[in-house]
Amino acid sequence: MKLLIIGDEQKSRRLVSWGFASETYQVRTANSRTAVDALAGADAFHAACIDLKMREDDSSAIMELLHRRVPQLPIVAVTGADDDRPLAAFKMRGVRAVMKAPLSIDKLRTTIAQHGLREPVGAALPRIVELAAPERPALIADDETTKRVLEVARRGAASSVAMLILGETGTGKSLLAQTIHAQSALKHRPFVTVSCPCLNRELLESDLFGHVRGAFTGAVQDTWGKVAAAEGGTLFLDEIGDLPASLQPKLLRLLQEKQYERVGETTPRTATVRVIAATNHDLKADVAAGKFREDLYYRLNVIALEVPPLRQRPRDIMPAAESFRDEICRQLGRTPPAFTIEVQRIIESYAWPGNLRELRNVIERAAILSRGPAFEVADFAALMTSPSAPRCQVGAPVSLQTIEEAHIQMVVANSASLEEAARILEIDKSTLYRKRKAMEARVAKFAPAGELAAATGS
């Protein structure tokens, strides 16, 4: 049986540990909330015992933390001789029994045997947590526009407010969210991603909040969701614009009240998480169309960051290509080929409608197929014949749609914002958004969605 003994008096902890010294018991001790948090996240226990007379830390806060992270874990509380509080006063914190000092080891052993679990439990949740290490490659920012975005992100990282990252598919929104997490005070806590478009409503709700046994067909055991996995860290909601309308009020409650309920459960649970959301939708247009809750939009949009497409930050193209080349060649175990002047010209003149995701895919293909010390023009031949590059001219034998798309791409590429591009084109922003989405839909898929997530973002 594995026991967690909590108290700030070393002598008392040692005596209790000696009292349980046998092959039957494995004892871990903690003297603070931080230590309890670390042990509960790394190990599983049959029962816990806490000294309520702790002087250096708040025992009530520790019990609440332990009960929130491992609600099934039975807790035995040890009080002073003059403490007459009944057991009911502690039950909301997971306490199953109360004992008075001076403590009898024999009685404590009997009490733990009565209330201890048959199987150990801990806050060790499914392996869905991705820690954003500080040394992880950051978003490339040689372009002044990107530098301004990263500066706002850096200042926002110091707070715990919600942040909303906007941008086209493949621009690096996920990587920016990880960068924010790595620069925050939560950098050693979990970074958990929820991909909103990937699951149907029922599965997404369970993935986000968890469910209890019997909540639906196939729910054979209690499951903790990603909100619980992100406790104390960052919850990244990727493509929040695709969140079903039925789940939006539940997310709003999490943001406003820090409360949620697992599917099939009526007991509210609390969660302390920092929420970062990202989308390629025009959420203002979605709010106006009634597809997205206005109050949720403003809750998420405390600090907004718009990541410009790669064609609007030309100075980032080659540094990003070099970063991808080095990473991919390291994985392939080969010396990185050099970029010749001709190859650089081809890469820099391409429109990159798929942004960083497309760039990485193209570099990966070239790194795999090339054999010499330098890339050849032939390794990037597809870029010179791609219909997505805006190379047509008025009067050329091309369709009106091709001319329109080329004109939109070039105006957007040379504008400071989508609002400015819409003014130049004399259309509203929502119309521009729809036209760009239609253009993206005609671009060939470059790679499976999850394949490049760590390196390229959303």
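1. In this predicted model, Arg253 and Glu261 are joined by a side-chain salt bridge, with N and O 3.4 Å apart. Glu261 has a relative accessible area of 29% and is therefore partly exposed; Arg253, at 23%, is likewise classed as partly exposed.

2. Arg253 also forms a salt bridge with Glu257, at an N to O distance of 3.8 Å. Both residues belong to helix 9 and are separated by four residues, about one turn of the helix. Glu257 counts as partly exposed, its relative accessibility being 47%.

3. A further salt bridge links Lys250 to Glu205, whose closest N and O atoms are 2.3 Å apart. Since Lys250 lies in helix 9 (residues 248–257) and Glu205 in helix 7 (residues 201–209), the pair ties together parts 45 residues apart in sequence. Lys250 is partly exposed at 37% relative accessibility, whereas Glu205 is buried at 7%, the cut-off for buried being under 20%.

4. Lys250 and Glu205 are members of one network, formed by salt bridges that share partners, which also includes Arg201 and Glu202. The structure holds 22 salt bridges.

5. Five strands make up an open sheet with parallel pairing, in the order 2-1-4-5-6. Strand 2 (26–30) and strand 6 (95–100) are the edge strands, each pairing on one side only. From one strand to the next, the twist averages 20 degrees.

6. Strand 1 (residues 2–6) pairs with strand 2 in the parallel sense over five bridges, and Lys2 stands opposite Gln26 in strand 2. Helix 1 (residues 10–19) packs on the sheet, touching strand 1 and strand 2, and its direction makes about 170 degrees with that of strand 2.

7. Helix 3 (residues 59–69) lies across strands 1, 4, 5 and 6, running at about 165 degrees to strand 4.

Definitions and conventions:
Residues are numbered from 1 along each chain as its sequence is written. This is a predicted model: local features need pLDDT of at least 70, side-chain atom pairs count only at pLDDT 80 or more; totals for chains, interfaces and linings use all residues. Side-chain values use heavy atoms; hydrogens and water are left out. Two strands pair if DSSP finds at least two bridges between them. Helices (H or I, at least four residues) and strands (E, at least two) are DSSP runs, numbered from the N terminus. Axes are lines fitted to C-alpha atoms, for helices over the stretch in contact, and angles run from 0 to 180 degrees between N-to-C directions. Contact means heavy atoms within 4.5 Å. A salt bridge is a side-chain nitrogen of Lys or Arg within 4 Å of a carboxyl oxygen of Asp or Glu. Buried means under 20% relative accessible area, exposed over 50%, partly exposed in between (1.4 Å probe, protein chains only).
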